[in-house]
Amino acid sequence: MSNNIPGDLKYTKSHEWVRQVQPNGAIEIGITDHAQSALGDLVFVEVPDVGRTLKAGEACAVVESVKAASDVYSPLAGKVIAINDVLASKPELLNEDPYGAGWLFRLETGASANAAALMSASAYETFLAEESK
Amino acid sequence: MGLKTPLYDTHVQQGAKIVDFGGWDMPLHYGSQIEEHHAVRRDAGMFDVSHMCIVDLSGGRVREFLRFLLANDVGRLKSFGKALYSCMLLPSGGVIDDLIVYYMSETWYRMVVNAGTRDKDLAWIHKHAIDFDVTVAPRKDLAMIAVQGPNARRKTAALLPPPQQAAVLELKPFFGAPFGSWFVARTGYTGEDGFEIMIPAAEAADAWGRLLQQGVKPAGLGARDTLRLEAGMNLYGNDMDENFHPLESGLSWTVAFEPKDRDFIGREALERAQRETGRELVGLLLEDRGVLRSHQKVLSAGATTAGLSGEVTSGTFSPTLNRSIALARVPKTSQPAVQVDIRGKLHAARIVKPPFVRHGKALIDTD
């Protein structure tokens, strides 16, 4: 099982990662290496529309592998400010580069966004180890 | 812990992702399901199908027995080694299982049935075999490897001693024959040329390793499913089961109504069903992006949810067509343009005639 967990990102229990892209609260979101590996070859990605307002934990994107469809949940509350258009024609980027070219969307988070609820890399690693027991 | 085939350890060594399949621990893929799919379409891949149940039927009245048990007619088999695809039906016409039966000798037929239906199949066969003095012998001592793809036959032949190589390459489609300890049949479940090899369990890992040396790529159940769906082949439990008869499951061609005086289990129900309009199994091509999945609802074009008409029975992403395809059960009166409800949104799809892909070539116009 593939299990790369970059130390500079935050994580959720539903296997999304969060990258702080601007100090003012813009974040980038994707699915983890563990998630893409568990899903298998990705063949379809549906991302939220730009401008949509999301609640923390809201199902907002779908990633489908040859095997099954999976929801992606917004790690924090915020407004969608950018989406990764390339995934429409190249969903395999999620498999090949889950933390880079395979990013899903960017959110502008409000002051109410509770980033403290997210896990650190080491906490996510522990969580995965527990989950696989 | 599930049941394991004689090749289980080999799969684990080769990095397979193992999943439960009808109680069996089977390889889903060995890294990339899509690469395995393409290997079969373009070169050669191999599947461990040892979970399937091989059962030998023998006795003086075995032919008579099978002509009663099966919806297709083993009376059509004229030469030894010839295979026949058939459904085994309930009196209601519902499908107990689909299977392949080989004509081995006057007093011996070999049947291959699905893994997930093994117990109920054997119980059903035993129950009726008694009346015909037929002996039913499941062959747990045999493993089975399917080698499929345009180069599959050549690469498999290379494993045999030279005198047998020419003979195995001369096997006609849907024929099998013994080669040493193997029984090799030119059959498969992918829409490609190839062999299915029945082999003593103790020899399976060695044969797998030698096929690997010939450049045959291990492929898992994931690729097996996308390949069979592209080939327009049914999967028992998805596309038909005991609640549906063959005529509404795309399997009319497997029911031998002629000769009229052959009585077989389910015949009466099917003759009634023939007179009804009913439903049929069709192919679907999704016009939009997205992936068709089993149980999604199929509506006629322009209809709302009130106009529910059919259901996807198997759906997937087709690696060859780069589009989503499906089998669906719809009313026979359906127009080609339909809509499919994918997570609450309606997407345009088109009814097409399977197979979608055969011998590496797309047969459906995706434009």
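**Reading a two-chain predicted model**

User: Let's begin with a hairpin. How do strands E10 and E11 of chain B pair, and over how many bridges?

Analyst: Strands of a sheet pair through backbone hydrogen bonds, either parallel or antiparallel. In this predicted model, strand E10 (residues 176-179) of chain B and strand E11 (residues 182-185) of chain B run antiparallel, with four bridges.

User: Which residue of E11(B) is the bridge partner of B:Pro178? And which one partners B:Phe179?

Analyst: B:Pro178 bridges to B:Phe183. B:Phe179 has B:Trp182 as its bridge partner.

User: What happens at the turn of the hairpin of E10(B) and E11(B)?

Analyst: Two residues sit between the strands. One to look at is B:Gly180, which takes a positive phi near 60°.

User: How do I read the two faces of a strand?

Analyst: In a regular strand the side chains alternate between the two faces of the sheet. Now take E11(B). B:Trp182 and B:Val184 are on one side, while B:Phe183 and B:Ala185 are on the other.

User: Are those four residues of E11(B) buried or exposed?

Analyst: All four are buried, so both faces of E11(B) are covered. The test for buried is 20 or more other C-beta atoms within 10 Å of the residue's own.

User: Let's step back to the whole of chain B. How many helices and strands does chain B have?

Analyst: Chain B has nine helices and 21 strands.

User: What share of chain B is buried? And what share of its contacts joins residues at least 24 apart?

Analyst: Of its 367 residues, 47% are buried. For the contacts, begin with pairs at least 6 apart in sequence. In chain B, 68% of these join residues at least 24 apart.

User: Which domains does chain B have?

Analyst: The domain assignment gives two entries for chain B: domain 1 (8-48 + 141-230) and domain 2 (277-362). Their C-alpha centres lie 30 Å apart.

User: How many residues are in contact between domain 1 and domain 2 of chain B?

Analyst: 13 residues of domain 1 of chain B touch 13 residues of domain 2 of chain B. On the domain 1 side, helix H2 (33-42) and helix H8 (221-230) of chain B each supply at least two residues. H2(B) gives the largest share, five residues. By type, that side has three nonpolar, four polar and six charged residues.

User: Now chain A. What pattern does chain A follow along the sequence?

Analyst: Chain A has three helices and nine strands. They follow the pattern β-β-β-α-β-β-β-β-β-α-β-α. The radius of gyration of chain A is 14 Å, close to the 14 Å from the globule rule for 133 residues, so chain A is as compact as a globular protein of that length. In chain A, 41% of the 133 residues count as buried.

User: How many residues of chain A are in contact with chain B?

Analyst: Nine residues of chain A contact 12 residues of chain B. The chain A side divides into five nonpolar, one polar and three charged residues.

User: What confidence values come with the model?

Analyst: Chain B has a mean pLDDT of 96, and 99% of its residues reach 70 or more. The model scores ipTM 0.81 and pTM 0.92.

Notes:
Residues numbered from 1 in each chain as written. Chains lettered and ligands numbered in written order. Predicted model: local features only at pLDDT ≥ 70, side-chain atom pairs only at ≥ 80, totals over all residues. Rg over C-alpha atoms; globule rule 2.2 N^0.38 Å. Buried ≥ 20, exposed ≤ 12 C-beta atoms within 10 Å, placed from the backbone. Contact = placed C-beta atoms within 7 Å. Nonpolar A, V, L, I, M, F, W, Y, C, P; charged D, E, K, R; others polar. Domains from an automatic or database assignment. pLDDT = per-residue confidence, 0-100. Pairing = 2+ DSSP bridges.
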